[in-house]
Every structure is written in structure tokens, then in C-alpha cells.
Amino acid sequence: MWVKILLKETCGKFFDYRTRILCTNSMKIFVTGTRGIPDILGGVETHCQELFPRIAEMGFDITIIRRKSYVKDTMTEYKNVRLIDIETPKKKSFEAIVHTFKAILEAKFQKADIVHIHAIGPALLVPIARLLGIKVVFTHHGPDYDRDKWGKFAKWILRMGEKTGMYYANHIIVISEHIRRMIQQKYPDKKNITLIYNGINPVFPARSTEHLQSLDLTEYGYILAVGRLVKEKGFDKLIEAFKQLSPVSIKLVIAGDADYQDEYTQKLKEMCKEQKNIRLVGFIKGEKLAQLYTYARIFVLPSTHEGLPIALLEAMSYNCPVLASDIPANKEIGLPEECYFKSGDLSCLQQALKKQLENAQTERVSYNLSAYNWTNIAGQTKEIYNSLIL
């Protein structure tokens with residue numbers, strides 16, 4: 001049934017993308033499962049933006065298929081990565097499947113050697129790529145069926161996507177040890193699994209405070225949280241804990257946005273109404289975000305679900321004191337025990353915040369982040385590609 005729907009959705013539109021001639025002197029990799037790059041909200045999107053330009057520098061012919069509804073530019077290339085935009089319906093329960101189906105057909109038309117599929121939902125279509133004679137690498141970014149936003153049917157589809165990807169992909173990449181343990185328990189006979197972490201870039205602390213001033217913030221005078229405005233990020237708990245503590249002269253800043261303006265997003269906005277010490281600043285990148293990380297008194301990640309949290313790693317790269325929920329993905333990073341609080345427990349979050357705020361937090365913290373180097377990650381991914389073709 002869903003195959004017929006996909007074919008109907010594709011009919012009449014697919015051949016609109018036949019305007020480019022690709023090089024034939026290097027391995028062709030097509031990437032799907034992401035909304036796109038550059039500077040599009042999402043962990044998978046950040047992952048792809050950092051990883052694939054580095055792989056392109058190694059001589060691979062990389063094409064990322066973007067979802068046109070998320071694209072706000074007219075770029076056809078980004079740092080030696082080709083960009084192709086495809087129309088997809090902007091519906092959270094359907095767009096990823098439609099997009100992946102079209103991307104696989106595009107990859108076949110342009111004679112791709114490998115399709116690299118990100119996330120378990122798009123992985124449902126791995127068998128189609130294999131039937132078309134294309135090798136598939138599947139990156140498992142986490143069990144999305146645990147996310148609160150999905151209903152029962154959607155969660156079943158996501159579980160099927162994970163299962164399909166595990167059985168039919170030529171190679172599976174996982175981004176954390178927690179995910180590797182989980183899928184090895186489910187699929188003990190699978191041997192083609194490689195752990196390759198998410199990464200972060202070397203950073204330099206921001207010197208300007210211009211963006212802070214525009215938000216009426218002072219250096220080390222605010223708590224920072226970064227992420228999409230979705231239920232599993234736990235921002236409602238953070239807001240509630242902050243409001244009950246009512247710390248003098250400290251503000252709470254949440255940087256992020258939502259793909260869809262749903263009931264939870266509206267709830268957060270209602271909670272922050274008439275709260276002079278709380279700022280919902282939307283999705284920001286670059287220098288503005290660097291300033292927020294550099295001068296945050298504490299970074300807090302109250303998630304109930306993560307793959308491997310890039311925002312937490314970014315905060316650590318700025319030597320920012322951090323607090324995180326004690327879910328496995330966060331614990332895997334190996335912070336001192338006092339940096340964790342019980343996930344979903346408002347009282348524990350309040351106590352952890354209170355303790356951190358009582359400490360002198362203008363001093364920065366040094367972390368060992370050597371395992372999260374993007375150049376090494378690109379090299380590991382390249383070896384997987386080579387193993388499938390050479």
C-alpha cells in the first residue's frame with residue numbers, strides 16, 4: 001500500500017532534477033535521511049554538515065539530497081558537496097519516507113555506488129536501494145521510536161525501519177556505545193556494525209558580547225539549554241525547576257526551535273509568558289551561538305532521549321560547566337557524577353541547579369574530547385565506503 005502511495009507522490013515530479021552531469025572519476029556517494037545542509041535545525045543535519053565536506057575533501061563524489069521545504073537558499077554546492085533539492089510533503093509522519101524513496105531513485109539514475117541513509121525511519125527503504133543494485137550504509141542515530149512525539153503506528157514503522165536497516169544494509173554505523181549494545185542485543189548475529197561517534201569542531205571562545213547585550217544578558221549571568229523544542233528534550237522540566245528556584249540575577253536561555261508548532265511548543269511558550277528572566281531565542285548558529293556557549297554560567301541538557309548529544313559536546317568544547325540527565329547516551333560521555341541528575345525528576349534537577357549556582361562558575365572546565373574528532377570520524381567512514389567497493 002505505502003509503495004503505491006510513494007509511486008503516486010513521485011509520478012510527474014521525479015524527472016525535474018535531470019540538469020547536472022556528475023564526475024565519473026571517483027566513488028559516488030548519495031546521502032539521504034537528513035533534511036539537508038547547511039544550517040538546518042537537527043542533530044542529523046549537524047552531523048551531515050560536518051562529516052560529508054570532509055569526506056569530499058578525500059576525493060569522494062558526495063551528493064546530499066535535501067528536503068526542499070526546509071531549504072532557504074539556492075545553493076547547488078556546499079564545500080565540495082553537491083546539493084539536490086527534492087519536493088516532499090511537510091508532514092512529520094510521511095515526509096522522510098517520501099524523501100528517501102525519491103533520493104534512492106535519484107541515486108540510481110545518477111549511477112551512485114553507495115547510498116548512505118541516516119536514521120531508522122528512512123532505513124525502511126534500504127531494500128529498495130539494494131534491489132536497484134546500490135550498496136547501502138545505514139547510520140543508526142538512536143531509537144527514535146522512544147520519542148514522545150510519535151503515536152503507536154509511527155513507532156511501529158520506526159521499529160520496522162530499524163529492523164529493515166539492520167538486516168539489509170551492507171554496513172551499519174552507530175554513533176554511541178549505548179546504541180551498539182542495544183542493537184547487538186536485538187541482532188546478536190550481525191557483524192557488520194561499526195561504532196563511529198558524533199564529533200565536534202575545535203572552538204575558540206567568543207570575544208564579543210554583542211548578541212548577549214541584545215538579549216539583555218550578562219557574562220556568566222544565565223543558564224543555557226540548546227535543542228529542538230520537542231518533549232524528549234525536557235525543557236518544560238527545566239523551565240519549571242528554574243521558576244521554582246527563582247535565582248536572583250540569573251536568567252534562563254533556551255536556544256532552539258521546533259519543526260512543527262505543536263501542543264508542546266505552545267506549552268513552552270505559555271510557560272515563559274511574562275517571565276522576564278526566561279528567553280526563548282529561537283534557532284541560532286555561528287557567532288551568536290558561540291557567544292551563548294562562551295559566557296553561559298551552566299549548560300543544561302534535561303533530555304529523556306538522545307543518540308549522542310552534539311549540543312552537550314559543543315558546550316563542553318567551550319569548557320562550559322554542564323548538567324545532564326542520567327540517560328545512557330549522556331552517561332556514556334563520562335562526566336563526573338555530580339554533573340548528572342535523575343532523568344525526568346524535577347526535584348533532582350532543582351537540587352543540581354541550586355548546587356551549581358551556589359558554586360563560583362566563572363571558571364571554565366577542561367574536558368577530554370579526543371574521541372570526538374571530525375577528521376578521524378571522516379577517515380573511519382571513508383574506510384567503510386572503500387570496504388564495500390574496492
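Close-up 1. At 47% relative accessibility, Tyr 167 is partly exposed, whereas Tyr 187 is buried at 10%. Buried means under 20% relative accessible area, exposed over 50%, and partly exposed in between (1.4 Å probe, protein chains only). This is a predicted model: local features need pLDDT of at least 70, side-chain atom pairs count only at pLDDT 80 or more, and totals for chains, interfaces and linings use all residues. Residues are numbered from 1 along each chain as its sequence is written, and side-chain values use heavy atoms, without hydrogens and water.

Close-up 2. The whole structure holds 7 aromatic pairs. Rings of Phe, Tyr and Trp (its six-membered ring) pair if their centres lie within 6.5 Å; planes under 30 degrees apart count as stacked, over 60 as edge-to-face and the rest as tilted. The centres of Phe 153 and Trp 156 are 6.0 Å apart and their planes lie at 25°, so this pair is stacked. The two residues are 3 apart in helix H5 (residues 152-168), about one helical turn. Helices (H or I, at least four residues) and strands (E, at least two) are DSSP runs, numbered from the N terminus. Phe 153 is exposed, at 60% relative accessible area.

**Close-up 3. Geometry of the Tyr 167 and Tyr 187 pair.** Ring centres sit 5.6 Å apart with planes at 90°, so Tyr 167 and Tyr 187 are edge-to-face. The pair links distant parts of the chain, 20 residues apart. Tyr 167 belongs to helix H5, and Tyr 187 to the loop between helix H6 (177-186) and strand S8 (193-195).

**Close-up 4. Charges over tyrosine rings.** The charged end of Arg 35 sits over the ring of Tyr 70, 5.3 Å from its centre. Lys 331 places its charged end over the ring of Tyr 340, 4.7 Å from the centre. The criterion: NZ of Lys or CZ of Arg within 6 Å of the ring centre and within 35 degrees of the ring normal.

**Close-up 5. A ring cluster.** Ring pairs join Tyr 293, Phe 299 and Tyr 318 into a cluster. Tyr 318 is also among the residues nearest the centre of the second largest pocket. A pocket is an open set of points on a 1 Å grid over the protein atoms alone, where a 1.4 Å probe fits, with protein on both sides within 12 Å along at least five of seven lines; lining residues have an atom within 4 Å of a point. This pocket is lined by 20 residues, and H10 gives the most, with 4.
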